Amino acid sequence: MSYTPTADDLLYILESDGERFSAPDRRQLESEIHKALQRRQDNAASGLEETVMRAWADRWVAEGGNGGQPLTESPLPPSPGDGEIFDPDFAAACVECKANEPCCLVSGSVTDSTDDTRQITWPPADIEVDGECRKATTLLVVAKEVEGRHLSAKVKAEWDKPTCQVGHLDRPSLTTSGLTEGQQRLDTTPSEVALGYPQFLNMSLALKNYVPENVLHAVFAMDAILAFQSTLQGGDGARFTPNQCVTDHAMGQTLRVIALPYVNLKGKLEMASRLVFSTAGISANADTKGTLEGQFGPYELTSTQLAEYTANTGQALEDGNQAPGLIGTMASIIKTLDHFVADGNTQDQSSPDRTQYATRIVLSQSLTFQPEGVELTPVKSSPDLQLEIGGLTSTFELGVTGRLDFIDVLAMALSAGAGATAVREARARMAAGEYVNATLQAYLELGAKGSLTHGINSGATFLLPAHGDPDAALEGLEQDFEGALKISGKAEIAIEVEARVWVITAKAGVSGSLHTSWTWTVRLQDGERQRRQDFEGVKVIYKAEGKIVVESSDGDAKQNGPELSGEASEEQQWNDLFERVDQDIESSRQSAGEMNRERGENDLGAEGDHDEEHTGRWEEMRRVMRNSRGESDAKELDIWEPREGTWQTY
């Protein structure tokens, strides 16, 4: 009776008797098996497996496989089957196997490679947790090395090693996941493998151009250990599961190993950074100073370090804002500003010229970070870790000044009407060097204020438990965590082309701002650190359009628009970046304060002192509104949609 072999059969033949094939043939067979297994999800193509696998099985038989006799049944060893009664073929092959008892893997362990006293075992040992008897199935280790893009630690997995009497080549073994090299099958004992803490290096690569690496290391280290509850409660870590024909509950348990980065911090670190965003690109300067000493993973920390970088607008960050804590917040601010700069003005940036720009925003950041006696170490003869914290003082402040142009977004919001067409045509003519009697202004004047503070007054040692309630581990930690960073925007809109005016005003912000705001907020809630990000959006009211007949006082028409010809005099180096950043932050606070005082004023109806020319234009714009349509006919347009955040624990 003939038998039609499957890809599973050929995989077993390749592993058990593959030496009958030449090396090129083995590689080709591996490829065919891989394709066949993938095709099984495609019913239309699954029929190809039978033809291909039969051909390879015939070649194996021709080389002496199966004693040179055609296959009449699957070469795979028998399985025990379901239930209490074994499959007869399996029972005959393994007379010693008993139902619900481990057959060939009866003991094993996963051990910290740096300390043989730190291990978890099969069968799991009994431990007492909060007065209850539990099984020890989790091991915490300290990551002090680098493996690829991971901070990593190594563990050693081993087990007793009789061979499978039935003949399964993959048994006994350990099925693993969460290793730095991905999912693996361990079939050699002992096996040393690496597991990692992947988030840091991904974040570092994204942010190191804007934030000195010593700041990234130090701040991220503190956030990582204080957020260890999320790590334990999440899906992180490496898992080890025994694989054998017959097992019981104890020997079928999955053991889990979780790595946290090694941390040793003391001293004071100060950072000043200044990022300039414009439609021409991004430039960054940063400096640090202080007395900080310590180590994060394998990295020795120093007090002083510089960072300088330039990039195209819209390409500041691809990742990083998902990092925990303050580093994630800093990344979010950078990515947010860069996104809106690129979105608001979509003119060609293939040839950046830093002396010409429509948008120019300066983001200044100041950080004081002062940990005292912070160290994370493994506990001997235990699966737990120990955290010492003498104290912590951390203050982060920012300043934002400048203009965010949104003329192109406004033109899109005007849809296909005459206003949109006029704006686009005027922009194109200006870009081509043609003189246009027009004013095209739509921008947000920015200011910011606020700070994020984190203080720990502890002087204590805490046990980070591998088992039990991780939230209870830091219950005695006395800490303050609060603050908000708010970037406010005041809209200025003036659209006039060839003596025709479009009357457009910005709508007041819904959260107390003049016209809009971006806000990053943190808090301590039930012992958990939380953060959220909100954006009010930008709405404008399209009130009227019409012809203006007032001429300028000197009789000469002027071509106005976004600042396209000024020298970028601010793009220079300073003797003291810290002093300059302090000045920027103070200026930003003043701008934000002025916007708060202006809250509630109507852009068109506000009374004030105007020169003769502007007084005439105000009257003309009112006349256009009266003749065009009433206030009830005004059309509300979304420039940028609001985004309401939610509180996220980290």
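Helix H1 (residues 7-17) has buried residues at Ala7, Asp9, Leu10, Tyr12, Ile13 and Leu14, and what covers them includes helix H2 (23-39) and helix H3 (48-62). Buried denotes a relative accessible area under 20%, exposed over 50%, and partly exposed in between, with a 1.4 Å probe and protein chains only. Helices (H or I, at least four residues) and strands (E, at least two) are DSSP runs, numbered from the N terminus. An α-helix has 3.6 residues a turn, so residues three or four places apart point the same way.

The model is predicted: local features need pLDDT of at least 70 and side-chain atom pairs count only at pLDDT 80 or more, whereas totals for chains, interfaces and linings use all residues. Residues are numbered from 1 along each chain as its sequence is written, and side-chain values use heavy atoms, with hydrogens and water left out.

**Nonpolar cores**

A nonpolar core is a set of buried Ala, Val, Leu, Ile, Met, Phe, Trp, Tyr and Cys residues joined through side-chain atoms within 4.5 Å. The largest such core holds 127 residues, of which Phe240 and Trp640 touch the most other members. Helix H6 (residues 213-226) gives the most to this core, namely 10 residues. A second, separate core of 14 residues includes Phe21, Met53, Trp56 and Trp60.

Strands of a sheet pair through backbone hydrogen bonds, either parallel or antiparallel. Here, six strands in the order E17-E16-E13-E20-E21-E24 make up an open sheet with antiparallel pairing. Strand E17 (299-301) and strand E24 (460-464) are at the edges, each with a single partner strand, so one side of each lacks a neighbour in the sheet. Averaged over the sheet, neighbouring strands are turned by 20 degrees against each other, direction ignored. H6 packs on the sheet, where it touches E13, E16, E17, E20 and strand E21 (385-389), and its direction makes about 115 degrees with that of E13. Such axes are lines fitted to C-alpha atoms, for helices over the stretch in contact, and angles run from 0 to 180 degrees between N-to-C directions.

Within the sheet, strand E13 (residues 263-266) and strand E20 (residues 374-378) pair in the antiparallel sense over two bridges; two strands pair if DSSP finds at least two bridges between them. Asparagine 264 has glutamate 375 in E20 as its bridge partner. Elsewhere, E7 and E10 are joined by seven bridges in the antiparallel sense, and alanine 157 stands opposite serine 191 in E10. Six of the seven residues of E10 are buried.

Glutamine 295 belongs to strand E16 (residues 293-296) and is buried at a relative accessible area of 18%. Apart from neighbours within four places in sequence, glutamine 295 is in contact (heavy atoms within 4.5 Å) with Tyr262, Val263, Asn264, Glu300 and Leu301.

Glutamine 530, in strand E28 (residues 528-535), is also buried, with a relative accessible area of 9%. Its contacts beyond four places in sequence include Phe481, Trp647 and Tyr650.

The polar contacts of these side chains are listed below. A polar contact is a pair of N or O atoms within 3.5 Å; within protein, one must be able to donate a hydrogen and the other to accept it, and residues adjacent in sequence count only if both atoms are side-chain atoms.

| Side chain | Partner | Distance |
|---|---|---|
| Glutamine 530 | Arginine 523, side chain | 2.8 Å |
| Glutamine 530 | Threonine 649, side chain | 3.2 Å |

**Helix H11**

Helix H11 (residues 577-597) comprises 21 residues and reaches 30 Å from its first C-alpha to its last, close to the 30 Å expected at 1.5 Å a residue; the expected span is 1.5 Å times one less than the number of residues. Aspartate 576 caps the N-terminal end of H11, with a side-chain oxygen 3.0 Å from the backbone nitrogen of phenylalanine 578. Buried residues of H11 include Leu577, Phe578, Arg580 and Asp584, and among the elements covering them are strand E14 (269-278) and strand E15 (281-290).

**Backbone exceptions**

Most residues other than glycine have a negative phi, and most peptide bonds are trans. The bond from arginine 171 to proline 172 is cis, with omega near -10 degrees; proline 172 lies in the loop between strand E7 (150-159) and strand E8 (173-177). Threonine 189 and proline 190 are likewise joined by a cis peptide bond, with omega about -5 degrees. Asparagine 66 has a positive phi of about 55 degrees and, at 38% relative accessibility, is partly exposed.
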